Amino acid sequence: MPTSPLRHVAVLVLEGAKPVDVSIPAQVFTTRTSMPYEVRVCGAAPGLVAGGDGLSYHVAHGLDVLAWADIVFIPGYRSPDRDDPPHAVVDALIAAHDRGAQLAAISTGAFALATTGLLDGKRATTHWHYTRALAAKHPLVQVDENVLFVDEGGVLTSAGAASGIDLCLHILRGDLGVAASHHAARSLVAAPYRSGGQAQYVPRGVPEPLGERFAATREWALHRLGEPLTLEALARHAAVSPRTFSRRFAEDTGYTPMQWVMRARIDLAREHLERSQRGVEQIAADVGLGTGANLRLHFQRILGTTSSEYRRTFTQGQ
């Protein structure tokens, strides 16, 4: 793992904030004391903030924390389609973004982020129940209701609370690599990685047992990435035809089955490159990619970098 500078994380609690959404960033970025993050919770002003679900929050910090933060999380809040955040909050978010901070909205926090105008012309998402309201209230935002999260660089949005965990793990992967992200996911008993392109929820036309069966098949495949994995083998495990499996799998994850397998293999290769000194040929064999040339080809295609450069990034300073 590379030596990383301390990153400052602010969690901005607005009126009506949802308790689970508020807790997610603090949980993810403090899963172990060695992680290079400091988390502070703030509000429009220090003191008591009325939250959702009958809870309130006593925050020690006001908006000055946004000038300190490298990442600002905006948890979801009640009635986002009716209530805009105070002007001072909007101005502080814009100033933080202009200074170079990332702004990350969880669930309906996307409404507050959209109020800044920073999502205009960009893709964004929110909880599926509010996607139409977000599009109606902010027509310049390209609302995508069929994804878990969207990363537009300086501004990020996610769907429901569980997707907020996915977004935090996505940021963690970018900062510290796959191994650290997987450690945090295990501590949270969360899925190690769900791509932003994965569907928010199983469409109404797909029976729930089928979705559960596919989750089990994905878990089964993750433990067999070094073995031959074919469409037929995956469909057989799910007890459906290959044609049905391909169609439903794409609806559920945003990828074809074999695209998903390839990305899972590249993820495993990344973890080996971060945590071991094994050669590329051995890693390629271990993760089911056969040869080093094949690993390098797909690594470059999916991640836009070479395996050697990736390893250098995560071993410097060790």
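This report walks through a predicted model, from the whole chain down to single residues.

## The chain as a whole

The chain has 318 residues, and 49% of them count as buried. Its secondary structure comprises 13 helices and 10 strands.

Among contacts with a separation of 6 or more, 67% join residues 24 or more positions apart.

## Helices α1 and α5

Helix α1 covers residues 19-29, and helix α5 covers residues 161-176. Their axes lie 9 Å apart, at an angle of about 25°. Angles under 35 degrees count as roughly parallel, so α1 and α5 are roughly parallel to each other. Their crossing is right-handed.

Which residues of α1 and α5 meet? From α1 come Val20, Asp21, Ile24, Pro25, Val28 and Phe29. From α5 come Ala161, Gly164, Ile165, Cys168, Leu169, Ile171 and Leu172. By type, the residues of this contact are 11 nonpolar, 1 polar and 1 charged.

## Ile106, a buried loop residue

Ile106 sits in the loop that runs from β6 (102-105) to α3 (109-115). Is Ile106 buried or exposed? Its relative accessibility is 0%, so Ile106 counts as buried; the cut-off for buried is under 20%.

Asp21 and Ile106 are 85 residues apart in sequence, yet their C-alpha atoms are 6.5 Å apart.

## Asp81, a partly exposed loop residue

Asp81 is also in a loop, the one between β5 (71-74) and α2 (87-99). The relative accessible area of Asp81 is 36%, so Asp81 is partly exposed. That value falls between the cut-offs, under 20% for buried and over 50% for exposed.

Which residues does Asp81 contact, leaving aside neighbours within four places in sequence? They are Phe111, Tyr130, Ala133 and Lys137. Ala136 and Asp81 are 55 residues apart along the chain, with 9.2 Å between their C-alpha atoms.

## Helices α8 and α9

On the α8 side, the contact uses Leu231, Glu232, Leu234, Ala235 and Ala238. On the α9 side, it uses Pro242, Phe245 and Ser246. These residues divide into 6 nonpolar, 1 polar and 1 charged.

## Glu271, a buried residue in a helix

Glu271 belongs to helix α10, which spans residues 257-275. Its relative accessibility is 14%, so Glu271 counts as buried.

Leaving aside neighbours within four places in sequence, Glu271 has contacts with Val178, Ala179 and His182.

Notes: Residues are numbered from 1 along each chain as its sequence is written. This is a predicted model: local features need pLDDT of at least 70, side-chain atom pairs count only at pLDDT 80 or more; totals for chains, interfaces and linings use all residues. Side-chain values use heavy atoms; hydrogens and water are left out. Axes are lines fitted to C-alpha atoms, for helices over the stretch in contact, and angles run from 0 to 180 degrees between N-to-C directions. Helices (H or I, at least four residues) and strands (E, at least two) are DSSP runs, numbered from the N terminus. Angles under 35 degrees count as roughly parallel, over 145 as roughly antiparallel, 65 to 115 as roughly perpendicular and the rest as oblique. A crossing is left-handed if the near helix is turned anticlockwise from the far one by less than a right angle, and right-handed if clockwise. Contact means heavy atoms within 4.5 Å. Ala, Val, Leu, Ile, Met, Phe, Trp, Tyr, Cys and Pro count as nonpolar, Asp, Glu, Lys and Arg as charged, and the others, Gly among them, as polar. Buried means under 20% relative accessible area, exposed over 50%, partly exposed in between (1.4 Å probe, protein chains only).
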